[in-house]
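Visitor: Hi, could you walk me through this one? I would like to ask about a few places as we go.

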Amino acid sequence: MKNRKQRVELMVDLIKNRCIGSQEELAQLLADAGFVVTQATLSRDLKMLKTTKVPTDRGGYMYILPDSNTLKDKLLAQGQISMNANYQSGFISLTFSRNIAVIKTRNGYAAGLAYDIDMSHSPEILGTIPGSDTIIAILREDVTHEKARAIFSKMLPLDQKIPSF
């Protein structure tokens with residue numbers, strides 16, 4: 001019997017490199033590699049990996065792994081890196097209403113993007129509230145929309161909007 005560490009490493013590889021839409025599909029791929037697991041074990045492993053199911057452009061769903069890691073989080077928090085326009089954030093649009101920024105994303109992308117915004121520890125952004133495809137970001141009252149747009153441009157591809165599906 002193969003060990004848990006090997007199984008989890010294979011799961012990570014499969015999720016990163018394939019479009020896996022169900023636990024049954026993942027269980028079959030694991031079984032093909034010699035890892036026979038119960039649904040409960042698979043469910044625990046997926047939870048431990050903090051996987052998320054997001055919609056695909058073909059109408060189905062697929063598992064994804066969190067995009068952030070400890071080093072990236074630390075560098076974001078220290079302001080040593082910023083998101084560039086090529087970052088695949090699922091970003092669609094940014095609009096403002098007084099001191100509230102409304103960020104629209106593709107379905108399933110809001111939580112990860114809100115986390116990255118919070119990790120930037122920008123003093124102008126008091127916090128975020130993510131939904132499935134929308135983020136509400138509360139700005140300090142004295143922050144202009146132009147200043148906020150400049151701050152968000154470090155984290156969002158404002159020049160390259162991703163089309164909504």
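Visitor: Let's start with Thr 56, please: which residues does Thr 56 touch, leaving out those up to four places away in sequence?

Guide: Leaving out those sequence neighbours, Thr 56 is in touch with Cys 19, Tyr 61 and Met 62. Please keep in mind from the start that this is a predicted model.

Visitor: And where does Thr 56 lie?

Guide: Thr 56 belongs to the loop between strand E1, residues 52-55, and strand E2.

Visitor: Is Thr 56 buried or exposed?

Guide: Thr 56 has a relative accessible area of 18%, and because buried means under 20%, Thr 56 counts as buried.

Visitor: How far is Thr 56 from Asn 107, C-alpha to C-alpha?

Guide: The C-alpha atoms of Thr 56 and Asn 107 are separated by 9.3 Å, while along the chain these two residues are 51 residues apart.

Visitor: What about Pro 55, where is that found?

Guide: Pro 55 is part of strand E1, and with a relative accessibility of 22% it counts as partly exposed. Its contacts, again not counting residues up to four places away in sequence, are Gly 60, Tyr 61, Arg 106 and Asn 107. From Pro 55 to Gly 108 the C-alpha distance is 7.1 Å, although the two are 53 residues apart in sequence.

Visitor: Okay, let me step back to the whole chain. How many helices and strands are there?

Guide: The chain has six helices and six strands, and along the sequence they follow the pattern α-α-α-β-β-α-β-β-α-β-β-α.

Visitor: What share of the chain is buried?

Guide: Of the 165 residues in the chain, 38% are buried. As for the surface, the chain exposes about 10000 Å², and carbon and sulfur atoms supply 52% of that area.

Visitor: And what part of the contacts joins residues at least 24 apart?

Guide: If you take the contacts between residues at least 6 apart in sequence, 54% of them join residues at least 24 apart.

Visitor: Now the helices. How do the axes of H1 and H3 cross?

Guide: Helix H1, residues 4-17, and helix H3, residues 39-48, have axes that come within 11 Å and cross at roughly 70°, so the two helices are roughly perpendicular to each other. Their crossing is right-handed. On the H1 side the contact is made by Arg 4, Arg 7, Val 8, Met 11 and Ile 15, and on the H3 side by Thr 41, Leu 42, Asp 45, Leu 46 and Met 48.

Visitor: At what angle do H2 and H3 cross?

Guide: The axes of H2 and H3 also come within 11 Å, and they cross at roughly 100°, which makes H2 roughly perpendicular to H3. H2 contributes Gln 23, Leu 26, Ala 27 and Leu 30 to this contact, and H3 contributes Gln 39, Leu 42, Ser 43 and Leu 46.

Visitor: Which residues of H3 are buried, then?

Guide: In H3 the buried residues are Thr 41, Leu 42, Asp 45 and Leu 46. Viewed down the axis of H3, they fall within an arc of 135°, so they line one face of the helix. Their cover includes H1, helix H2 (23-32) and strand E2 (61-64).

Visitor: And what does the face of H3 turned away from the buried side carry?

Guide: That face carries the exposed residues Arg 44 and Lys 47.

Visitor: What about H6, which of its residues are buried?

Guide: In helix H6, residues 145-152, the buried ones are Ala 148, Ile 151 and Phe 152. They cover an arc of only 95° around the axis, which puts them on the same side of H6. Among the elements that cover them are helix H5 (110-119) and strand E5 (125-130).

Visitor: One last topic: which residue after H5 has a positive phi?

Guide: Just after H5 comes His 121, with a positive phi of about 50°, and His 121 lies in the loop between H5 and E5. Another case is Arg 98, a residue other than glycine, whose phi is positive and near 55°. Arg 98 sits in the loop between E3 and E4, and at 74% relative accessibility it counts as exposed.

Technical notes: Residues numbered from 1 in each chain as written. Predicted model: local features only at pLDDT ≥ 70, side-chain atom pairs only at ≥ 80, totals over all residues. Heavy atoms only, no water. Helix = DSSP H or I, 4+ residues; strand = E, 2+ residues; numbered from the N terminus. Buried < 20%, exposed > 50% of the residue type's maximum accessible area, 1.4 Å probe, protein only. Contact = heavy atoms within 4.5 Å. Areas by Shrake-Rupley, 256 points an atom, 1.4 Å probe, with all protein chains shown as cover. Arc of directions from axis to C-beta. Axes fitted to C-alpha atoms, helices over the stretch in contact; angles between N-to-C directions. Parallel < 35°, antiparallel > 145°, perpendicular 65-115°, else oblique. Left-handed = near helix turned anticlockwise from the far one by under 90°.
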